[in-house]
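Please show me around this structure in the viewer. Tell me what to select at each stop and what is there.

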Amino acid sequence: MGNIQCCVLPSPHGGHLTKNEPYDRTGLANESFELPHISDREDLSNHKGTLFLHRSQSNPGNNGTFPGRRTMSTGSEKRNGIEGTLTRKFSSCSTIFLDDSTVSQPNLKSTIKCVALAIYYHIKNRDRDVRSLDIFDEKAHPLTHDPVPDYYDRVDPEHRHIYKFIKTLFHAAQLTAECAIITLVYLERLLTYAEIDAYPGNWKRILLGAILLSSKVWDDQAVWNVDYCQILKDITVEDMNELERAFLELLQFNINVPSSVYAKYYFDLRSLADANDLVFPLEPLSKERARKLEALSVTDDDRFRDLNPSNLYRSKSADAVTPTRKNMAIIS
């Protein structure tokens, strides 16, 4: 099981991709690559930031700074298609504001906005020589019956358009905020493994494939492919099935997300939000909320006190990050 040569799969492409190169599931004749062990596919030793955070910092049009950087003005502003609020709340002696978004229970709306912003930077700061695959091309596989404009692959989408697309799918399928983070993990793995770029002509189908896969891996009650066809009424089940197969094969079936990778993406999304003035909601601390926090703290202390110290060094998947929401603390 631990031998990296135990599984040999056909290569999804010939090493060099051209724009809109067709996806061939059978691969080329006599061509193969070794599928590495799952523990070798995620390099966490270099402590480098995520790919989206790196691309967000390389914006030639803003001299390396983030669009949406705070200025002395107040109120809501919009720069380069990114909407954000510049008003912030601060705790005082009389009022304490709390950010309810945590690594184990992120805020859904804010997390979706951050993921949309990460994808926005992937598209905006992509390589000039775009590499893609036919399976993700929106003109070859349209999501609607409406004619695809001729400029579909040249006009960069705004942040609000990406956010609206993700929000529609997440609300219709009733997906969680954690699923949005896993979606971004799968999307960046696809871009890295398949050596392709996200650009205006393929970002919707790449994002759809990542959401489809993350909803099946993360949620206990996964959404079926036919359910997405009811959300996107013009797409067929056969197209959804082919998209899922291609995504998995290009991902080299690496769907495991360790807790360290999940946490890294969460905190990098927080950093991206702070740099672009996407403020997470802050609520004043009331007596009732203080009592609940104290009760939950006592419950967690009791739970971790009983843990075997040897288990703390084992590799855990991302589902270990999220506590069971049904076990609520009883407050007397």
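This is a predicted model: local features need pLDDT of at least 70, side-chain atom pairs count only at pLDDT 80 or more; totals for chains, interfaces and linings use all residues.

Residues are numbered from 1 along each chain as its sequence is written, and side-chain values use heavy atoms, leaving out hydrogens and water.

**Whole protein.** Show everything as a cartoon. The protein has 9 helices and 6 strands; these are DSSP runs numbered from the N terminus, with helices being H or I of at least four residues and strands E of at least two. Of its 332 residues, 41% are buried, meaning under 20% relative accessible area with a 1.4 Å probe, protein chains only (over 50% is exposed, in between is partly exposed). Among contacts (heavy atoms within 4.5 Å) with a separation of 6 or more, 81% join residues 24 or more positions apart.

**Helix α8.** Select residues 259-275. The 17 residues of α8 reach 24 Å from first C-alpha to last, close to the 24 Å expected at 1.5 Å a residue; the expected span is 1.5 Å times one less than the number of residues. Buried residues in α8 include Y262, Y265, D268 and L272. The buried residues of α8 pack against α1 (51-56), α2 (108-124) and α4. After α8 comes D277, with a positive phi near 60°.

Axes are lines fitted to C-alpha atoms, for helices over the stretch in contact, and angles run from 0 to 180 degrees between N-to-C directions. Show side chains: E178, I181, I182, L184, V185 and E188 of α4 meet V261, Y262, Y265, Y266 and L269 of α8. The residues of this contact divide into 9 nonpolar, no polar and 2 charged. Here Ala, Val, Leu, Ile, Met, Phe, Trp, Tyr, Cys and Pro count as nonpolar, Asp, Glu, Lys and Arg as charged, and the others, Gly among them, as polar.

Select A194, in the loop between α4 and α5. At 0% relative accessibility, A194 counts as buried.

**Helix α5.** Finish with residues 203-218. Of the 16 residues of α5, 13 are buried, so this helix is largely enclosed by the rest of the structure.
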